[in-house]
Amino acid sequence: MTMPPVPALQTLEDPQEFVARHIGIGADDEAHMLSVVGAASRAALIAEIVPPGVARRKPMQLPPAVGEAQALAELQQLAARNQQLKSFIGQGYYGTHTPGVILRNVLENPGWYTAYTPYQAEISQGRLEALINFQTLVCDMTALPIANASLLDEATAAAEAMALALRVGESASRSLVIDPGVHPQTIEVIRTRARPMGIEVVLPASAVAWQQALEGDYFAALAQYPATDGSLRDLSGDAQQVHAREAAFIVATDLLALTLLKPPGECGADIVVGSSQRLGMPMGAGGPHAAFIACRDEFKRALPGRIVGVSRDALGQPAYRLALQTREQHIRREKATSNICTAQVLPAVIASMYAVYHGPRGLERIALRVARYAAILAQGLQQLGQHVAGNDSFDTLLLHTGKATAALAARAVCMGVNLRRFSEEALAIALDETTTRADIERLWQIFALPGQEQPDFAALAAGSALRIPDHLRRSSAFLTHPVFNSHHAETAMLRYIRALSDKDLALDRSMIPLGSCTMKLNATSEMIPVTWPAFAQIHPFAPPEQLAGYQLLDAQLRAWLCEATGYAGISLQPNAGSQGEYAGLLAIQAYHAACGQAQRDICLIPSSAHGTNPASAQMAGLEVVVTACDAQGNVDLEDLARKCQQYSERLSCVMITYPSTHGVFESRVQELCALVHRHGGRVYVDGANMNALVGIAAPGEFGGDVSHLNLHKTFCIPHGGGGPGVGPVCVVEDLVPFLPGHTSTGLFSGVGAVSAAPLGNAAVLPISWMYMRMMGAEGLRRASETAILSANYISCRLQPYYPTLYANPAAPGRRARVGHECILDLRGFKASCGVSAEDVAKRLIDYGLHAPTLSFPVANTLMVEPTESEPLAEIERFIEAMISIREEIRQIEAGAVSRNDNLLKNAPHTAAALLAEDWPHGYAREQAAFPQPGQRPSKYWPPVARIDNVYGDRYLHCSCIPMT
Ligand SMILES: *Cc1c(COP(=O)(O)O)cnc(C)c1O
């Protein structure tokens, strides 16, 4: 018997091994797909689709791909450059113990992190329940009636509160007064956001000056409770003064402290914001963490972000869905007050689970322990002769350390501890859930002079002092709902988490072919580093040298993304695509101003744009002028040229998406850029569709001046059910000085800070780093090409059943082509049989599939984006389902089935409906439940039937359903 020859070693060491794992299409599948779409090769297909001028780009200079094990080893070396000291810095970021059951089963569980934003409510009941728990938590703690489901961070939440107050307020003033006790990073972001809105920020330097300022004229005042220096005071008097001026009182607060403190809502606050980070989410060098915003009932229709509400389904059962959905602010486009789209859903789920697990008594116990430690620490420090400021605080002490400040801070670092350098003459120490007796004794040691006797911990602990005065103690109950009082045993908690995730359809069960949203593989190897302590346990305001690993990660990733986009400079600070847009537009405006062209204030946006584009433009102080699209869905260049001419002097920029939101590579994009440049304007290219471009074309080379990327779309950060995201802003050379930054870090700060933390959602950056490291230039290009091939395959296969809208007009004898997504036109069915695209989306649930993007950018269509990661078998499952649904529609068209009672109108079908004694429908239960062969063993059962949106908006209820 002869054995086959042993292959050469190189062929056994395949550095491209990950590429083949990431891309779901193998060589045989690819050959088959190419034959179906009628292209000789991938390269030939791309050449047909991407205009030659656009496709001409410099090759990406990236390090050659490595396998998963090596990439992880390299990243571990980077992580090891971070120094993990015990941080007592506070300032909005605290140590916390993520309960193991939540860490493993939520934060590290693809059932949660690969889910999409819950627009399809019937397949999202689990995360919607978790989010309504979050809203209930926020309402209960703050004592306000309405809370949203998360914002990006505390600083941007405060800026959103400012915009909300301005909009709902009665005052004619455009001044905002900020208490000196507000966190500095919050003030920094508010300054950035206030400028283009023409808001004057008044910053009194002392408590006395604050009181005086409250006598003045302003539309809102912002205070922090407890203050950034840890001090506590009753805000009721301030609230009365603010209300006497007809202004809104905004309070930034801390959810853990509110278990012990009189809540802001009881002190007269109108809007309350803050971060839920310390409820179980690691510091992660600044993010991702869920911020919250709560307000008075009258403001609810102007609240930014998403609100989860209770409604009922077709069977009359209670069900959750996003409330006031058309009011999700960015959908209002240029009339929006906020551009928030992707938020921080996964961190909000973590915070809600933390509250469910600990319950009101557990949270109070944690808070009391922190407050007791703080009181003991203060007494000991006083015994050591230190000057502890004030008498009232929750967890943070301010020490007047005078000339010894720098030396004490340095001594602390030598002892493995970070204190906050509050000023040249003061240090602050913030305690948290992780503080132990040993920490308190170590802190005393730092301040003890040689020979000085250590305070006696046991003796001090024998007392019962708190630094919280009785009149500020909370007396109202909170978290009384059973959900916060039932799952305190780990077994119960594990099953609660599992029960919720079982209700949801995420990428771990089905493809999620959402056009524009790019739901691709989030590889496990990419996710693993996120919770490494060397990334997770780092305070964003630790001394910069302790963040050396993060800085290197940031620098490498920026360099690689510059290669991918063709831009000269990038900032990773924006926490979402919307924030990248905003930062990019600010950069353009700052550039014009620096050129003496401050009058340039018109932003041209094609009608097909994503809603965040006009919303960001108006926030950046620009006037939006909408331009037309032609019958093929392309930007109407003639209309654009007319408007450029008309507004030439005032033209700031044009915002386009490329390939367009219609999924088309417009052939005249370079002409468009040249036209705008001739009029002195800049071109903003929305990079949400980069998954069609990476390695193929570079916006920074074909004429773009600014783009944002969505690392949570193209670069593998999972969607998390609607966040976290990272929205890097990328610019050409002359705009680099105008990228955002924090003054506190000494980095450039052209337009100021756009996020609370200098590196934004730093803790998820390793995901994109891993992706690029393992794919290399060739792998990334292959991914884009495969994504385009798969979309064209679906478009071709479904052509006889659902024509693709806006496929590029075919050259004679050539097939119509799309980019990386295709819009299936379902508009005809309304007339032919009363079926809408929404009916098809709901029917797909019965097939165990997540619907494509519904009615964006064209009403009554489905936009399909398979991505490169989906295996052909899954693509076929989707195609077969769509073909089968087409046949179901035909039955209605033919009059064989009723227009009002059919498989589509009644979808999705729940087990309860299918098992009911009574089956009044003109089709079989079998057909409803198992429309596709092979579904029986692993059928996804929707927990609720079609949800009634109108009912829920009429009877708005946005907290946990009362138990009866
Ligand atoms: C997703 C998306 C955005 C907004 O990004 P977020 O991260 O959700 O803020 C902007 N434009 C387009 C075309 C998008 O698809």
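**Figure 1. The interface of domain 1 and domain 2, where the rule finds zero salt bridges.** In this predicted model, the side of domain 1 that touches domain 2 is made up, by class, of 22 nonpolar and 25 polar residues, with no charged residues.

Figure 2. Domain 1 takes in two stretches of the chain, 18-80 and 547-825, whereas domain 2 covers residues 116-357. Their C-alpha centres lie 31 Å apart, and 47 residues of domain 1 are in contact with 38 residues of domain 2.

**Figure 3. An open sheet of four strands with antiparallel pairing.** Read across the sheet, the strands follow the order β22-β23-β25-β24. Because β22 (804-805) and β24 (853-854) stand at the edges and each has a single partner strand, one side of each is left without a neighbour in the sheet. Strand β23 (residues 822-825) and strand β25 (residues 861-864) run antiparallel and are joined by four bridges. For D825, the bridge partner in β25 is T861.

**Figure 4. A salt bridge between R278 and D395.** Side chains of opposite charge can pair when their charged atoms come close. By the rule used here, the count comes to 46 salt bridges, and one of them is the pair formed by the side chains of R278 and D395, which meet with an N to O distance of 2.9 Å. This pair links distant parts of the chain, since R278 and D395 are 117 residues apart. R278 belongs to the loop between β7 (271-275) and β8 (291-295), while D395 belongs to the loop between β11 (387-388) and β12 (396-400).

**Figure 5. Two cis peptide bonds, one joining Y658 and P659 and one joining A907 and P908.** Most residues other than glycine have a negative phi, and most peptide bonds are trans. At the bond that joins Y658 and P659, omega is about -15°, and P659 is found in the loop between β18 (651-657) and α26 (669-678). At the bond that joins A907 and P908, omega is about -5°, and here P908 has its place in the loop between α31 (872-893) and α32 (911-915).

**Figure 6. S150, a residue with a positive phi.** The phi of S150 is about 145°, a positive value, although this residue is not a glycine. S150 is found in the loop between β2 (146-147) and α10 (154-168).

Methods: Residues are numbered from 1 along each chain as its sequence is written. This is a predicted model: local features need pLDDT of at least 70, side-chain atom pairs count only at pLDDT 80 or more; totals for chains, interfaces and linings use all residues. Side-chain values use heavy atoms; hydrogens and water are left out. Domain bounds come from an automatic or database domain assignment. Contact means heavy atoms within 4.5 Å. A salt bridge is a side-chain nitrogen of Lys or Arg within 4 Å of a carboxyl oxygen of Asp or Glu. Ala, Val, Leu, Ile, Met, Phe, Trp, Tyr, Cys and Pro count as nonpolar, Asp, Glu, Lys and Arg as charged, and the others, Gly among them, as polar. Two strands pair if DSSP finds at least two bridges between them. Helices (H or I, at least four residues) and strands (E, at least two) are DSSP runs, numbered from the N terminus.
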